[in-house]
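Here is a short briefing for a first look at this structure. Keep the sequence and the 3D view side by side as you read.

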Amino acid sequence: NETGCLSIIVLGASGDLAKKKTFPALFNLYRQGFLQSNEVHIFGYARTKISDDDLRNRIRGYLTKSADDDEAVSEFLQLVKYVSGSYDTPEGFQALDEAIAKHEICRNTTEGTARRLFYLALPPSVYPPVCRMIKTYCMNKSDLGGWTRIVVEKPFGKDLASSEQLSSEIGSLFDEPQIYRIDHYLGKELVQNLLVLRFANRMFLPLWNRDHIDNVQIVFREDFGTEGRGGYFDEYGIIRDIIQNHLLQVLCLIAMEKPVSLKPEHIRDEKVKVLQSVVPIEDDEVVLGQYEGYTDDPTVPDNSNTPTFATMVLRIHNERWEGVPFIMKAGKAINSRKAEIRIQFKDVPGDIFRSKKQGRNEFVIRLQPSEAMYMKLTVKQPGLEMQCVQSELDLSYTQRYQGVVIPEAYERLILDTIRGDQQHFVRRDELKVAWEIFTPLLHRIDNGEVKSIPYKPGSRGPAEADALLERAGYVQTHGY
Ligand code: BG6
């Protein structure tokens with residue numbers, strides 16, 4: 001483990017992402033002892049001219065979880081400083097560099113190194129100028145070693161061409177090991193569990209393929225709309241916001257082959273390979289929806305075709321998955337808030353219980369809320385009659401791991417950036433293939449060739465999506 005000065009610079013410090021996710025995650029890391037106060041300094045940077053205390057007061061309310069936290073919050077806030085400046089001119093970045101250097105000099109020890117982590121909580125349009133400024137004015141220059149890393153978050157472009165453009169601009173300034181592309185789904189407990197589940201359990205190995213699995217669903221639901229984010233959302237839509245990144249990352253971990261080892265590059269190599277096997281998406285395997293009232297937002301044009309809901313089938317052309325539909329489903333303003341993976345097995349051949357049987361085996365991994373995994377099995381209904389019933393083998397985290405606090409995705413991922421572990425970050429070639437998969441469909445949607453069907457907020461989404469699910473082979477199971 002490295003020692004020495006650690007400077008964490010949050011650019012876009014007064015924005016929503018910084019307030020709601022980045023600073024709270026840093027605070028939790030601090031409270032748990034992962035950020036030592038004699039080593040770390042946190043800088044907020046943004047255009048607004050405010051004081052250190054103004055910034056502290058703005059973020060304070062997002063940090064406290066209970067009254068017991070008050071002291072820790074105050075200690076943490078003392079580590080936070082503020083520098084103001086624009087995102088594309090030297091002055092602010094020179095001032096930022098001086099502020100960082102000052103802290104590095106006063107704390108530097110001969111065995112210490114200087115580490116600088118730049119977290120871009122900013123819209124991607126300013127990534128290139130900001131990266132250029134960091135590269136010119138704010139790199140770690142310590143003779144004692146150390147590093148400079150940058151953290152960026154989606155949207156990484158709007159399609160293959162714009163994403164590649166962004167990647168080359170950033171890539172001309174920083175090497176891949178310095179760039180951490182966050183997809184916060186990779187920091188969720190049950191997403192991190194997928195590799196263990198698949199490759200540390202003998203019972204799954206022979207079953208995890210087209211011979212036994214009928215279909216896979218990866219589902220994201222939110223019971224609220226785009227409130228306050230209409231302007232951003234309308235430019236992107238649900239496919240770019242959720243499916244092309246969060247759900248596709250989950251698909252990779254479900255479908256990829258076993259990596260050579262747990263080394264980040266070995267894992268990311270396998271993810272790229274499985275993405276390369278995804279075939280182009282057909283329009284008749286896509287249903288788009290838009291909830292009624294979405295265009296009431298003044299920042300959304302009245303004639304917007306942007307989907308707030310999508311169900312689609314991805315097909316993987318390889319030996320393991322040929323013929324198995326991967327159904328990706330995401331919707332805003334629908335009937336519940338949930339993210340889950342449903343792996344449905346084929347019917348039992350030559351089934352002697354056919355007339356009494358309740359349904360198929362299904363393995364469900366619930367990412368949120370209330371993390372759980374459960375397996376639907378057919379068992380004998382207890383009693384004198386020979387009746388079959390569907391029941392569950394249930395591993396619910398709140399029961400099984402009582403009292404264990406599950407870390408927030410951002411907490412874990414920021415810790416990884418400090419430790420230099422890129423396993424849970426998206427590599428440049430992975431991002432490129434992800435865009436290759438979706439760009440043709442996205443262009444057809446942008447041109448109005450694929451239309452969004454209206455649905456009622458709070459409903460299940462368009463009925464056509466359920467019909468698509470059925471066509472893809474999904475059979476509704478009983479129980480929960
Ligand atoms: C973000 C999307 O990446 O993920 C949001 O931009 C979405 O639209 C959010 O609400 C969902 O994250 P989580 O962790 O609440 O499932």
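This is a predicted model. Start with strand β5, residues 146-153, which pairs with β6 in the parallel sense over 4 bridges.

- I150 stands opposite I179 in β6.
- Strand β6 covers residues 179-182.
- I179 and R181 point one way from β6, while Y180 and I182 point the other way.
- All four of these β6 residues are buried.
- In a regular strand the side chains alternate between the two faces of the sheet.

**The parallel sheet**
- β5 and β6 belong to an open sheet of 6 strands, in the order β3-β2-β1-β4-β5-β6, with parallel pairing.
- β3 (80-84) and β6 are the edges; each has a single partner strand, so one side of each lacks a neighbour in the sheet.
- From one strand to the next, the twist averages 20 degrees.
- Strand β4, residues 113-120, runs parallel to β5, and 6 bridges join them.
- R115 has W147 as its bridge partner in β5.
- Helix α2 (residues 52-63) lies across β2 (40-46) and β3, at about 115 degrees to β3.
- Helix α11 (residues 409-419) lies across β1 (4-11), β4, β5 and β6, and runs at about 150 degrees to β5.

**The mixed sheet**
- Another open sheet has 9 strands, in the order β14-β13-β12-β11-β7-β10-β9-β8-β15.
- Its pairing is mixed.
- The edge strands are β14 (388-396) and β15 (452-455), and each pairs on one side only.
- Here the twist averages 20 degrees from one strand to the next.
- Strand β13 (residues 372-380) and β14 are antiparallel and share 9 bridges.
- V379 has V389 of β14 as its bridge partner.
- Helix α7 (residues 189-199) packs on this sheet and touches β11 (338-345), β12 (362-368) and β13.
- The direction of α7 makes about 145 degrees with that of β12.

- Where does R198 sit? Its place is in helix α7.
- R198 counts as buried because its relative accessibility is 4%, and the cut-off for buried is under 20%.
- Leaving aside neighbours within four places in sequence, R198 contacts L205, W208, L253, I254, A255, M256 and R320.
- The C-alpha atoms of R198 and K258 are separated by 8.7 Å, although the two residues are 60 places apart along the chain.

**The nonpolar core**
- The largest nonpolar core has 147 residues.
- Which residues have the most contacts inside it? They are F23, I134, I239 and M312.
- Helix α8 (residues 230-255) gives the most to this core, with 13 residues.
- Beyond residues up to four places away in sequence, F23 touches V10, A13, A18, I42, L55, I59, L63, F76 and V80.
- In soluble globular proteins, nonpolar side chains tend to be buried together.

- Most residues other than glycine have a negative phi, and most peptide bonds are trans.
- The peptide bond from K154 to P155 is cis, with omega near 5 degrees.
- P155 is in the loop between β5 and α6.
- The bond from Q368 to P369 is also cis, with omega near -15 degrees.
- P369 lies in the loop between β12 and β13.
- S370 is found in that loop between β12 and β13, and its phi is positive, near 50 degrees.
- S370 is partly exposed, at 42% relative accessibility.
- A333 is not a glycine, yet its phi is positive, at about 55 degrees.
- A333 is in the loop between β10 (325-331) and β11, and is buried, with a relative accessible area of 7%.

**The recorded domain**
- An unreviewed UniProt entry lists residues 195-474 as "domain: Glucose-6-phosphate dehydrogenase C-terminal".
- Over residues 195-474, the chain is 31% helix and 24% strand.
- The end C-alpha atoms of that stretch are 25 Å apart.

Definitions and conventions
Residues are numbered from 1 along each chain as its sequence is written. This is a predicted model: local features need pLDDT of at least 70, side-chain atom pairs count only at pLDDT 80 or more; totals for chains, interfaces and linings use all residues. Side-chain values use heavy atoms; hydrogens and water are left out. Buried means under 20% relative accessible area, exposed over 50%, partly exposed in between (1.4 Å probe, protein chains only). Helices (H or I, at least four residues) and strands (E, at least two) are DSSP runs, numbered from the N terminus. Two strands pair if DSSP finds at least two bridges between them. Axes are lines fitted to C-alpha atoms, for helices over the stretch in contact, and angles run from 0 to 180 degrees between N-to-C directions. Contact means heavy atoms within 4.5 Å. UniProt positions are given in the numbering used here, feature names are shortened, and annotations may be inferred rather than shown by experiment. A nonpolar core is a set of buried Ala, Val, Leu, Ile, Met, Phe, Trp, Tyr and Cys residues joined through side-chain atoms within 4.5 Å.
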